Amino acid sequence: MSNVSDLPKGDGIRNGKQYLEDLRDDRDVWIHGEKVKDVTTHPSLCRGAETLAGFLDRQFDDQCKDTVTYEENGGTYATSFMIPKSVDDIKKRGESAYEWARWSNGMFGRTPDYKNASVMAFAASAKFLEEGRPEFAENMRNYYEYVRTNDKVLTHTLINPTYNFEEAKQGRSSEKVALQVVKETDSGLVVNGARLLATLGPHADEIEVFPSSLLTANEDNLPYAFAFTIPTGAPGVRMICRDTYDHQKSTYDAPLSSRFEEMDAVIIFDNVHVPWERVFMYRDPLLCNRAFAETHAVVHMMHQVICGKLAKTEFIVGLLCAMAKATGKDKDMNVKGMIAEAMWVAETLRALRYHGESEAHEDQWGNYVALRRPLDTSRNTYPKLYPRLIEMIQMLGSSSLIATPTEADLGNALSEDVAKYFQTVNLKSEDRIALFRLAHDVAVSGFGNRQVLYERFFFGPQNIMASIYYDLYNKDDMMDKVTEILNR
Ligand SMILES: Cc1cc2nc3c(=O)[nH]c(=O)nc-3n(C[C@H](O)[C@H](O)[C@H](O)COP(=O)(O)OP(=O)(O)OC[C@H]3O[C@@H](n4cnc5c(N)ncnc54)[C@H](O)[C@@H]3O)c2cc1C
(Lines give C-alpha, C1' and ligand atoms only; values in the text may rest on other atoms or scores of the structure.)
Protein backbone atom coordinates (compact mmCIF):
# COMPACT_ATOMS: atom_id res chain seq x y z
CA MET A 1 0.00 0.00 0.00
CA SER A 2 1.43 3.40 -0.99
CA ASN A 3 2.16 6.03 1.63
CA VAL A 4 -0.51 8.71 1.85
CA SER A 5 2.00 11.46 1.09
CA ASP A 6 2.99 9.64 -2.12
CA LEU A 7 -0.60 9.22 -3.33
CA PRO A 8 -1.65 11.59 -6.11
CA LYS A 9 -3.51 14.75 -5.17
CA GLY A 10 -6.81 15.03 -7.04
CA ASP A 11 -8.57 18.05 -8.45
CA GLY A 12 -11.23 18.21 -5.74
CA ILE A 13 -14.79 17.12 -6.33
CA ARG A 14 -15.38 13.81 -8.10
CA ASN A 15 -18.29 12.95 -10.34
CA GLY A 16 -20.44 9.84 -10.04
CA LYS A 17 -18.75 8.01 -12.91
CA GLN A 18 -15.31 8.46 -11.35
CA TYR A 19 -16.66 7.31 -7.99
CA LEU A 20 -18.17 4.12 -9.46
CA GLU A 21 -14.95 3.36 -11.33
CA ASP A 22 -12.97 3.68 -8.10
CA LEU A 23 -15.32 1.23 -6.36
CA ARG A 24 -14.30 -1.51 -8.78
CA ASP A 25 -11.30 -2.77 -6.83
CA ASP A 26 -10.39 -5.95 -4.96
CA ARG A 27 -12.55 -5.23 -1.94
CA ASP A 28 -13.53 -8.33 0.01
CA VAL A 29 -17.29 -7.88 0.52
CA TRP A 30 -19.65 -10.72 1.44
CA ILE A 31 -23.44 -10.73 1.36
CA HIS A 32 -26.00 -13.54 1.72
CA GLY A 33 -23.20 -16.10 1.92
CA GLU A 34 -21.46 -15.03 -1.28
CA LYS A 35 -18.45 -12.97 -2.15
CA VAL A 36 -19.40 -9.88 -4.14
CA LYS A 37 -17.52 -9.58 -7.43
CA ASP A 38 -18.37 -5.95 -8.07
CA VAL A 39 -20.40 -3.76 -5.71
CA THR A 40 -21.44 -1.52 -8.61
CA THR A 41 -23.25 -4.38 -10.36
CA HIS A 42 -24.33 -6.67 -7.49
CA PRO A 43 -28.17 -6.57 -7.34
CA SER A 44 -28.23 -5.92 -3.59
CA LEU A 45 -25.70 -3.13 -3.66
CA CYS A 46 -25.72 -1.49 -7.09
CA ARG A 47 -28.66 0.86 -6.65
CA GLY A 48 -27.19 2.30 -3.43
CA ALA A 49 -23.94 2.91 -5.31
CA GLU A 50 -25.79 4.56 -8.20
CA THR A 51 -27.67 6.81 -5.80
CA LEU A 52 -24.47 7.98 -4.18
CA ALA A 53 -22.92 8.49 -7.62
CA GLY A 54 -25.91 10.67 -8.52
CA PHE A 55 -25.39 12.72 -5.36
CA LEU A 56 -21.72 13.28 -6.21
CA ASP A 57 -22.79 14.49 -9.66
CA ARG A 58 -24.89 17.17 -8.01
CA GLN A 59 -21.68 18.81 -6.84
CA PHE A 60 -21.38 20.00 -10.47
CA ASP A 61 -25.01 21.12 -10.72
CA ASP A 62 -25.49 24.88 -11.11
CA GLN A 63 -28.52 24.75 -8.82
CA CYS A 64 -26.56 23.70 -5.74
CA LYS A 65 -22.84 23.71 -6.43
CA ASP A 66 -22.34 27.04 -4.64
CA THR A 67 -23.79 25.44 -1.52
CA VAL A 68 -22.14 22.03 -1.54
CA THR A 69 -18.70 23.11 -2.77
CA TYR A 70 -16.18 25.83 -1.99
CA GLU A 71 -13.19 27.28 -3.79
CA GLU A 72 -9.68 27.43 -2.40
CA ASN A 73 -6.45 28.25 -4.22
CA GLY A 74 -8.06 27.59 -7.59
CA GLY A 75 -9.51 24.21 -6.59
CA THR A 76 -13.15 23.23 -5.93
CA TYR A 77 -13.81 21.00 -2.93
CA ALA A 78 -16.78 19.59 -1.03
CA THR A 79 -18.00 22.14 1.53
CA SER A 80 -17.87 19.46 4.21
CA PHE A 81 -14.04 19.64 3.96
CA MET A 82 -14.01 23.41 4.50
CA ILE A 83 -12.26 24.42 7.74
CA PRO A 84 -14.61 27.02 9.24
CA LYS A 85 -13.06 30.35 10.13
CA SER A 86 -16.26 32.34 10.83
CA VAL A 87 -19.91 32.01 11.79
CA ASP A 88 -20.76 32.33 8.09
CA ASP A 89 -18.53 29.35 7.32
CA ILE A 90 -20.41 27.31 9.92
CA LYS A 91 -23.70 28.36 8.33
CA LYS A 92 -22.42 27.41 4.89
CA ARG A 93 -21.41 23.99 6.23
CA GLY A 94 -24.94 23.64 7.65
CA GLU A 95 -26.59 24.62 4.37
CA SER A 96 -24.45 22.08 2.55
CA ALA A 97 -25.36 19.29 5.00
CA TYR A 98 -29.05 20.19 4.68
CA GLU A 99 -28.80 20.17 0.86
CA TRP A 100 -27.11 16.74 0.81
CA ALA A 101 -29.82 15.38 3.12
CA ARG A 102 -32.63 16.88 1.04
CA TRP A 103 -31.69 14.70 -1.92
CA SER A 104 -32.92 11.63 -0.04
CA ASN A 105 -35.12 13.41 2.51
CA GLY A 106 -32.65 12.13 5.10
CA MET A 107 -33.33 8.52 4.14
CA PHE A 108 -29.78 7.97 2.90
CA GLY A 109 -28.45 9.01 6.28
CA ARG A 110 -24.79 8.35 5.83
CA THR A 111 -23.85 10.74 3.06
CA PRO A 112 -20.07 11.31 2.84
CA ASP A 113 -20.26 14.78 4.41
CA TYR A 114 -20.71 13.10 7.82
CA LYS A 115 -17.25 11.57 7.87
CA ASN A 116 -15.73 14.50 5.98
CA ALA A 117 -16.70 16.62 8.98
CA SER A 118 -14.70 14.36 11.25
CA VAL A 119 -11.57 14.31 9.06
CA MET A 120 -11.79 18.08 8.64
CA ALA A 121 -12.02 18.58 12.41
CA PHE A 122 -9.09 16.28 13.19
CA ALA A 123 -6.93 17.97 10.54
CA ALA A 124 -7.91 21.46 11.69
CA SER A 125 -6.92 20.61 15.27
CA ALA A 126 -4.04 18.32 14.35
CA LYS A 127 -1.84 19.81 17.07
CA PHE A 128 -3.93 17.76 19.49
CA LEU A 129 -2.46 14.61 17.96
CA GLU A 130 1.10 15.85 18.61
CA GLU A 131 0.48 14.94 22.24
CA GLY A 132 0.74 11.34 21.09
CA ARG A 133 3.63 11.72 18.63
CA PRO A 134 4.61 14.82 16.62
CA GLU A 135 4.38 12.95 13.32
CA PHE A 136 0.76 11.92 13.98
CA ALA A 137 -0.35 15.52 13.40
CA GLU A 138 1.44 15.64 10.05
CA ASN A 139 -0.10 12.28 9.13
CA MET A 140 -3.56 13.74 9.72
CA ARG A 141 -2.88 16.88 7.69
CA ASN A 142 -1.59 14.75 4.79
CA TYR A 143 -4.54 12.40 5.03
CA TYR A 144 -7.00 15.30 4.98
CA GLU A 145 -5.35 16.69 1.83
CA TYR A 146 -5.51 13.26 0.24
CA VAL A 147 -9.22 12.69 0.89
CA ARG A 148 -10.21 16.31 0.25
CA THR A 149 -8.45 16.61 -3.09
CA ASN A 150 -9.67 13.18 -4.23
CA ASP A 151 -13.17 13.62 -2.74
CA LYS A 152 -12.98 10.19 -1.13
CA VAL A 153 -16.05 8.61 0.44
CA LEU A 154 -15.41 7.41 3.99
CA THR A 155 -17.16 5.11 6.41
CA HIS A 156 -16.12 4.62 10.00
CA THR A 157 -16.02 1.78 12.44
CA LEU A 158 -15.69 2.76 16.06
CA ILE A 159 -17.13 -0.03 18.16
CA ASN A 160 -15.66 -3.36 19.19
CA PRO A 161 -18.18 -6.20 19.29
CA THR A 162 -19.38 -6.86 22.84
CA TYR A 163 -18.21 -10.27 24.01
CA ASN A 164 -18.91 -9.72 27.67
CA PHE A 165 -21.02 -6.75 28.72
CA GLU A 166 -19.54 -6.50 32.23
CA GLU A 167 -16.06 -6.31 30.75
CA ALA A 168 -17.18 -3.70 28.17
CA LYS A 169 -18.82 -1.56 30.88
CA GLN A 170 -15.51 -1.44 32.73
CA GLY A 171 -13.80 -0.07 29.60
CA ARG A 172 -12.02 -3.30 28.71
CA SER A 173 -12.02 -4.96 25.30
CA SER A 174 -12.21 -8.66 24.64
CA GLU A 175 -9.07 -10.22 23.22
CA LYS A 176 -11.28 -12.81 21.50
CA VAL A 177 -13.17 -10.41 19.21
CA ALA A 178 -11.98 -6.81 19.51
CA LEU A 179 -9.73 -5.15 16.96
CA GLN A 180 -6.21 -5.02 18.35
CA VAL A 181 -2.62 -4.40 17.32
CA VAL A 182 -0.83 -7.74 17.11
CA LYS A 183 2.50 -6.55 15.72
CA GLU A 184 4.56 -3.41 15.17
CA THR A 185 7.00 -3.20 12.29
CA ASP A 186 9.22 -0.45 10.89
CA SER A 187 6.58 0.22 8.26
CA GLY A 188 3.49 0.19 10.44
CA LEU A 189 1.07 -1.81 12.57
CA VAL A 190 -0.53 -5.17 12.00
CA VAL A 191 -4.11 -5.36 13.31
CA ASN A 192 -6.47 -8.25 13.86
CA GLY A 193 -10.07 -8.51 15.05
CA ALA A 194 -13.53 -7.16 14.27
CA ARG A 195 -15.28 -3.80 14.41
CA LEU A 196 -18.95 -2.74 14.22
CA LEU A 197 -20.75 -1.48 12.14
CA ALA A 198 -19.69 0.34 9.01
CA THR A 199 -22.70 2.00 7.42
CA LEU A 200 -21.91 2.55 3.73
CA GLY A 201 -18.92 0.21 4.17
CA PRO A 202 -19.15 -1.59 0.79
CA HIS A 203 -19.69 1.78 -0.93
CA ALA A 204 -16.83 3.60 0.75
CA ASP A 205 -13.31 4.22 -0.52
CA GLU A 206 -11.77 4.51 2.92
CA ILE A 207 -12.47 3.36 6.47
CA GLU A 208 -11.82 5.53 9.51
CA VAL A 209 -10.97 3.16 12.37
CA PHE A 210 -11.11 5.45 15.37
CA PRO A 211 -11.70 4.91 19.08
CA SER A 212 -15.14 5.46 20.53
CA SER A 213 -15.63 3.10 23.45
CA LEU A 214 -14.14 4.66 26.57
CA LEU A 215 -10.97 2.78 27.45
CA THR A 216 -9.50 2.63 30.91
CA ALA A 217 -5.83 3.53 30.97
CA ASN A 218 -4.17 0.27 31.87
CA GLU A 219 -1.53 -1.89 30.20
CA ASP A 220 -4.15 -4.38 29.00
CA ASN A 221 -5.86 -1.73 26.90
CA LEU A 222 -2.80 -0.45 25.03
CA PRO A 223 -3.24 -2.74 22.00
CA TYR A 224 -6.83 -1.45 21.61
CA ALA A 225 -5.98 2.24 21.76
CA PHE A 226 -5.38 3.60 18.26
CA ALA A 227 -6.78 5.61 15.39
CA PHE A 228 -5.99 4.89 11.77
CA THR A 229 -7.51 4.85 8.31
CA ILE A 230 -7.31 2.14 5.69
CA PRO A 231 -8.53 1.79 2.10
CA THR A 232 -11.61 -0.43 1.86
CA GLY A 233 -9.80 -2.64 -0.62
CA ALA A 234 -6.67 -3.13 1.51
CA PRO A 235 -5.51 -6.76 1.84
CA GLY A 236 -7.09 -8.49 4.84
CA VAL A 237 -10.04 -6.08 5.19
CA ARG A 238 -13.25 -8.10 4.89
CA MET A 239 -16.84 -6.89 5.14
CA ILE A 240 -19.80 -9.03 6.12
CA CYS A 241 -23.01 -7.26 5.10
CA ARG A 242 -26.42 -7.58 6.67
CA ASP A 243 -29.41 -8.75 4.58
CA THR A 244 -30.22 -6.29 1.86
CA TYR A 245 -33.44 -4.26 1.97
CA ASP A 246 -33.25 -3.60 -1.75
CA HIS A 247 -35.40 -6.44 -3.04
CA GLN A 248 -35.10 -5.14 -6.60
CA LYS A 249 -38.62 -3.79 -6.61
CA SER A 250 -39.61 -0.89 -8.82
CA THR A 251 -39.36 2.66 -7.51
CA TYR A 252 -43.18 2.72 -7.47
CA ASP A 253 -43.39 -0.37 -5.26
CA ALA A 254 -40.49 0.51 -2.96
CA PRO A 255 -39.75 4.21 -3.39
CA LEU A 256 -37.09 4.37 -0.70
CA SER A 257 -35.48 0.94 -0.44
CA SER A 258 -35.07 0.81 -4.22
CA ARG A 259 -32.94 3.94 -4.03
CA PHE A 260 -31.44 4.55 -0.61
CA GLU A 261 -30.06 1.21 0.56
CA GLU A 262 -26.95 2.26 2.47
CA MET A 263 -25.55 -1.09 3.46
CA ASP A 264 -24.13 -1.79 6.95
CA ALA A 265 -21.29 -4.24 7.40
CA VAL A 266 -19.22 -5.78 10.17
CA ILE A 267 -15.55 -5.38 9.33
CA ILE A 268 -13.05 -8.14 9.94
CA PHE A 269 -9.38 -7.21 9.93
CA ASP A 270 -7.33 -10.27 9.11
CA ASN A 271 -3.72 -9.31 9.90
CA VAL A 272 -4.10 -6.00 8.11
CA HIS A 273 -0.98 -3.94 7.64
CA VAL A 274 -1.50 -0.26 8.47
CA PRO A 275 1.35 2.01 7.31
CA TRP A 276 2.59 4.45 9.99
CA GLU A 277 1.50 7.32 7.74
CA ARG A 278 -2.09 6.30 8.32
CA VAL A 279 -1.78 6.13 12.11
CA PHE A 280 -2.98 9.13 14.15
CA MET A 281 -3.07 7.84 17.75
CA TYR A 282 -1.45 4.83 19.34
CA ARG A 283 -1.09 3.23 22.77
CA ASP A 284 -2.63 6.17 24.57
CA PRO A 285 -6.12 5.28 25.86
CA LEU A 286 -6.71 8.62 27.58
CA LEU A 287 -5.80 10.60 24.46
CA CYS A 288 -8.15 8.35 22.48
CA ASN A 289 -10.95 9.01 24.96
CA ARG A 290 -10.49 12.79 24.66
CA ALA A 291 -10.06 12.91 20.90
CA PHE A 292 -13.57 13.42 19.49
CA ALA A 293 -14.49 16.01 22.12
CA GLU A 294 -11.28 18.06 22.17
CA THR A 295 -10.88 18.24 18.40
CA HIS A 296 -14.60 19.13 18.24
CA ALA A 297 -15.02 16.41 15.63
CA VAL A 298 -18.08 15.27 17.56
CA VAL A 299 -19.66 18.74 17.36
CA HIS A 300 -19.00 19.09 13.63
CA MET A 301 -20.56 15.65 13.16
CA MET A 302 -23.55 16.62 15.32
CA HIS A 303 -23.94 19.70 13.13
CA GLN A 304 -24.09 17.61 9.96
CA VAL A 305 -26.54 15.28 11.70
CA ILE A 306 -29.01 17.91 12.91
CA CYS A 307 -29.23 19.40 9.40
CA GLY A 308 -29.99 15.94 8.02
CA LYS A 309 -32.54 15.16 10.72
CA LEU A 310 -34.30 18.44 9.98
CA ALA A 311 -34.62 17.48 6.30
CA LYS A 312 -35.86 14.03 7.34
CA THR A 313 -38.44 15.38 9.77
CA GLU A 314 -39.75 17.94 7.28
CA PHE A 315 -40.31 15.06 4.89
CA ILE A 316 -42.18 13.06 7.54
CA VAL A 317 -44.37 16.06 8.36
CA GLY A 318 -45.16 16.33 4.63
CA LEU A 319 -45.91 12.64 4.45
CA LEU A 320 -48.28 12.76 7.45
CA CYS A 321 -50.11 15.75 5.97
CA ALA A 322 -50.46 14.05 2.58
CA MET A 323 -51.73 10.85 4.22
CA ALA A 324 -54.27 12.78 6.26
CA LYS A 325 -55.45 14.74 3.24
CA ALA A 326 -55.96 11.59 1.16
CA THR A 327 -59.15 10.63 2.98
CA GLY A 328 -60.05 14.04 4.39
CA LYS A 329 -58.72 13.18 7.86
CA ASP A 330 -56.92 16.50 7.74
CA LYS A 331 -60.16 18.16 8.90
CA ASP A 332 -60.21 16.13 12.12
CA MET A 333 -59.00 17.93 15.24
CA ASN A 334 -57.33 14.85 16.73
CA VAL A 335 -55.45 14.11 13.54
CA LYS A 336 -54.34 17.71 13.27
CA GLY A 337 -53.17 17.54 16.87
CA MET A 338 -51.10 14.46 16.23
CA ILE A 339 -49.46 15.89 13.13
CA ALA A 340 -48.77 19.11 15.01
CA GLU A 341 -46.60 17.00 17.32
CA ALA A 342 -44.43 16.07 14.31
CA MET A 343 -44.32 19.74 13.31
CA TRP A 344 -43.00 20.59 16.78
CA VAL A 345 -40.19 18.11 16.26
CA ALA A 346 -39.24 19.82 12.97
CA GLU A 347 -39.42 23.29 14.48
CA THR A 348 -37.45 22.23 17.56
CA LEU A 349 -34.68 20.86 15.34
CA ARG A 350 -34.72 24.04 13.26
CA ALA A 351 -34.41 26.19 16.38
CA LEU A 352 -31.63 24.04 17.82
CA ARG A 353 -29.77 24.11 14.52
CA TYR A 354 -29.96 27.89 14.18
CA HIS A 355 -29.07 28.39 17.84
CA GLY A 356 -26.00 26.18 17.41
CA GLU A 357 -24.97 27.95 14.20
CA SER A 358 -25.60 31.53 15.26
CA GLU A 359 -23.61 31.02 18.46
CA ALA A 360 -20.68 29.39 16.71
CA HIS A 361 -17.42 30.49 18.28
CA GLU A 362 -13.70 30.23 17.83
CA ASP A 363 -12.15 27.17 19.43
CA GLN A 364 -8.71 26.67 20.98
CA TRP A 365 -7.31 25.68 17.57
CA GLY A 366 -8.35 28.95 15.88
CA ASN A 367 -11.27 27.40 13.98
CA TYR A 368 -14.98 27.98 14.34
CA VAL A 369 -17.34 25.43 15.82
CA ALA A 370 -21.10 25.52 16.38
CA LEU A 371 -22.33 25.79 19.96
CA ARG A 372 -22.37 22.28 21.30
CA ARG A 373 -25.34 22.28 23.67
CA PRO A 374 -28.23 22.77 21.20
CA LEU A 375 -26.75 20.23 18.82
CA ASP A 376 -26.14 17.81 21.66
CA THR A 377 -29.74 18.31 22.78
CA SER A 378 -30.83 17.20 19.34
CA ARG A 379 -28.38 14.28 19.34
CA ASN A 380 -29.91 13.08 22.61
CA THR A 381 -33.58 13.65 21.84
CA TYR A 382 -33.87 12.57 18.21
CA PRO A 383 -33.22 8.87 18.96
CA LYS A 384 -36.36 9.04 21.13
CA LEU A 385 -38.40 11.30 18.83
CA TYR A 386 -37.84 9.41 15.58
CA PRO A 387 -39.57 6.21 16.77
CA ARG A 388 -42.52 8.40 17.81
CA LEU A 389 -42.68 9.93 14.30
CA ILE A 390 -42.82 6.42 12.87
CA GLU A 391 -45.52 5.48 15.36
CA MET A 392 -47.57 8.46 14.09
CA ILE A 393 -47.32 7.18 10.51
CA GLN A 394 -48.50 3.76 11.68
CA MET A 395 -51.38 5.21 13.72
CA LEU A 396 -52.55 7.46 10.91
CA GLY A 397 -51.97 4.96 8.10
CA SER A 398 -53.31 1.84 9.77
CA SER A 399 -54.58 -0.68 7.18
CA SER A 400 -53.86 1.70 4.31
CA LEU A 401 -50.18 0.92 4.88
CA ILE A 402 -50.91 -2.68 4.01
CA ALA A 403 -53.81 -2.44 1.55
CA THR A 404 -51.41 -1.49 -1.18
CA PRO A 405 -51.42 -3.56 -4.37
CA THR A 406 -48.24 -3.56 -6.41
CA GLU A 407 -47.43 -1.67 -9.59
CA ALA A 408 -48.14 -4.87 -11.52
CA ASP A 409 -51.75 -4.83 -10.31
CA LEU A 410 -52.36 -1.47 -11.93
CA GLY A 411 -52.09 -2.92 -15.42
CA ASN A 412 -53.29 -6.54 -15.18
CA ALA A 413 -56.68 -8.23 -15.00
CA LEU A 414 -57.29 -6.53 -11.64
CA SER A 415 -56.73 -3.03 -12.88
CA GLU A 416 -60.43 -2.07 -12.93
CA ASP A 417 -60.94 -3.33 -9.37
CA VAL A 418 -57.84 -1.50 -8.26
CA ALA A 419 -58.90 1.74 -9.94
CA LYS A 420 -62.32 1.51 -8.25
CA TYR A 421 -61.64 0.24 -4.74
CA PHE A 422 -58.44 1.98 -3.79
CA GLN A 423 -59.46 5.53 -4.60
CA THR A 424 -60.18 8.05 -1.85
CA VAL A 425 -62.07 11.31 -1.77
CA ASN A 426 -58.91 13.20 -2.71
CA LEU A 427 -56.75 10.69 -4.60
CA LYS A 428 -57.22 8.33 -7.50
CA SER A 429 -56.16 4.75 -6.74
CA GLU A 430 -52.78 4.87 -8.41
CA ASP A 431 -51.75 7.95 -6.43
CA ARG A 432 -53.19 6.70 -3.16
CA ILE A 433 -51.35 3.39 -3.48
CA ALA A 434 -48.09 5.21 -4.36
CA LEU A 435 -48.43 7.45 -1.31
CA PHE A 436 -49.12 4.62 1.10
CA ARG A 437 -46.40 2.44 -0.37
CA LEU A 438 -44.05 5.32 0.39
CA ALA A 439 -45.39 5.48 3.94
CA HIS A 440 -44.96 1.70 4.19
CA ASP A 441 -41.32 2.02 3.19
CA VAL A 442 -40.82 4.62 5.92
CA ALA A 443 -42.74 2.94 8.72
CA VAL A 444 -43.32 -0.76 8.08
CA SER A 445 -40.73 -2.24 5.70
CA GLY A 446 -37.40 -3.74 6.72
CA PHE A 447 -35.81 -0.61 5.26
CA GLY A 448 -37.97 1.56 7.51
CA ASN A 449 -37.30 -0.47 10.63
CA ARG A 450 -33.57 -0.38 10.03
CA GLN A 451 -33.92 3.42 9.88
CA VAL A 452 -35.49 3.34 13.35
CA LEU A 453 -32.64 1.22 14.70
CA TYR A 454 -30.17 3.53 12.99
CA GLU A 455 -31.66 6.62 14.60
CA ARG A 456 -31.66 4.93 17.99
CA PHE A 457 -28.02 3.85 17.85
CA PHE A 458 -25.79 5.24 15.12
CA PHE A 459 -24.32 7.95 17.35
CA GLY A 460 -23.81 5.52 20.25
CA PRO A 461 -25.76 4.06 23.18
CA GLN A 462 -28.37 6.55 24.38
CA ASN A 463 -27.55 6.23 28.07
CA ILE A 464 -23.88 6.98 27.47
CA MET A 465 -24.68 10.05 25.35
CA ALA A 466 -27.14 11.23 28.00
CA SER A 467 -24.61 10.80 30.76
CA ILE A 468 -22.04 12.86 28.82
CA TYR A 469 -24.71 15.53 28.26
CA TYR A 470 -25.43 15.61 31.99
CA ASP A 471 -21.74 15.97 32.83
CA LEU A 472 -21.25 18.87 30.38
CA TYR A 473 -24.42 20.72 31.38
CA ASN A 474 -23.92 23.84 33.44
CA LYS A 475 -26.01 22.78 36.41
CA ASP A 476 -24.71 25.33 38.91
CA ASP A 477 -26.90 28.25 37.79
CA MET A 478 -29.96 26.09 38.11
CA MET A 479 -28.99 24.64 41.46
CA ASP A 480 -28.31 28.19 42.71
CA LYS A 481 -31.99 28.96 42.15
CA VAL A 482 -32.87 26.15 44.54
CA THR A 483 -30.32 27.30 47.11
CA GLU A 484 -31.57 30.87 46.81
CA ILE A 485 -35.17 29.98 47.63
CA LEU A 486 -34.11 27.71 50.46
CA ASN A 487 -32.11 30.57 51.94
CA ARG A 488 -34.60 33.33 51.14
C1 LIG B 1 -28.17 0.74 11.78
C2 LIG B 1 -26.90 1.01 12.53
C3 LIG B 1 -25.84 1.63 11.88
C4 LIG B 1 -24.64 1.87 12.55
N5 LIG B 1 -23.60 2.45 11.89
C6 LIG B 1 -22.41 2.58 12.49
C7 LIG B 1 -21.26 3.07 11.80
O8 LIG B 1 -21.33 3.44 10.63
N9 LIG B 1 -20.08 3.10 12.43
C10 LIG B 1 -19.95 2.69 13.73
O11 LIG B 1 -18.85 2.75 14.26
N12 LIG B 1 -21.01 2.23 14.42
C13 LIG B 1 -22.22 2.16 13.84
N14 LIG B 1 -23.28 1.66 14.53
C15 LIG B 1 -23.03 1.06 15.84
C16 LIG B 1 -23.42 1.93 16.98
O17 LIG B 1 -22.38 2.83 17.23
C18 LIG B 1 -23.68 0.99 18.16
O19 LIG B 1 -24.82 0.21 17.83
C20 LIG B 1 -23.92 1.71 19.43
O21 LIG B 1 -22.76 2.38 19.83
C22 LIG B 1 -24.31 0.70 20.52
O23 LIG B 1 -23.32 -0.28 20.65
P24 LIG B 1 -23.71 -1.81 20.46
O25 LIG B 1 -24.50 -1.96 19.23
O26 LIG B 1 -22.47 -2.62 20.62
O27 LIG B 1 -24.70 -2.12 21.61
P28 LIG B 1 -24.42 -2.40 23.14
O29 LIG B 1 -23.12 -1.82 23.58
O30 LIG B 1 -24.71 -3.82 23.37
O31 LIG B 1 -25.51 -1.48 23.73
C32 LIG B 1 -26.83 -1.89 23.86
C33 LIG B 1 -27.37 -1.22 25.08
O34 LIG B 1 -26.52 -1.53 26.19
C35 LIG B 1 -26.39 -0.40 27.04
N36 LIG B 1 -24.97 -0.04 27.25
C37 LIG B 1 -23.99 -0.09 26.32
N38 LIG B 1 -22.82 0.28 26.87
C39 LIG B 1 -23.06 0.56 28.16
C40 LIG B 1 -22.25 1.01 29.25
N41 LIG B 1 -20.94 1.22 29.13
N42 LIG B 1 -22.85 1.21 30.43
C43 LIG B 1 -24.17 1.00 30.59
N44 LIG B 1 -24.99 0.56 29.60
C45 LIG B 1 -24.45 0.37 28.40
C46 LIG B 1 -27.16 0.71 26.41
O47 LIG B 1 -28.41 0.79 27.07
C48 LIG B 1 -27.38 0.31 25.00
O49 LIG B 1 -28.58 0.82 24.52
C50 LIG B 1 -24.50 1.46 13.90
C51 LIG B 1 -25.57 0.85 14.56
C52 LIG B 1 -26.76 0.64 13.89
C53 LIG B 1 -27.88 -0.04 14.62
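The model is predicted, so local features need pLDDT of at least 70 and side-chain atom pairs count only at pLDDT 80 or more, while totals for chains, interfaces and linings use all residues. Residues are numbered from 1 along each chain as its sequence is written, and side-chain values use heavy atoms, with hydrogens and water left out.

Around the ligand there are 22 residues, of which Arg-110, His-156, Leu-158, Leu-197 and Thr-199 come nearest (a residue counts if one of its heavy atoms lies within 4 Å).

| Residue and its N or O atom | Ligand atom | Distance |
|---|---|---|
| Arg-110, side chain | oxygen | 2.6 Å |
| Thr-199, side chain | nitrogen | 2.8 Å |
| Leu-197, backbone | oxygen | 2.9 Å |

Helix α5 (residues 113-124) packs with helix α10 (residues 297-326) at an angle of about 155°, their axes being 8 Å apart; axes are lines fitted to C-alpha atoms over the stretch in contact, and angles run from 0 to 180 degrees between N-to-C directions. Because of this angle, α5 is roughly antiparallel to α10 (the term covers angles over 145 degrees). In the contact, which means heavy atoms within 4.5 Å, residues of α5 including Tyr-114, Met-120 and Phe-122 meet residues of α10, among them His-300, Met-301 and Val-305. By class, the residues of this contact of α5 with α10 divide into eight nonpolar, three polar and two charged.

Methods
Helix = DSSP H or I, 4+ residues; strand = E, 2+ residues; numbered from the N terminus. Parallel < 35°, antiparallel > 145°, perpendicular 65-115°, else oblique. Nonpolar A, V, L, I, M, F, W, Y, C, P; charged D, E, K, R; others polar. Polar contact = N/O pair within 3.5 Å; in protein donor to acceptor, adjacent residues only side chain to side chain.
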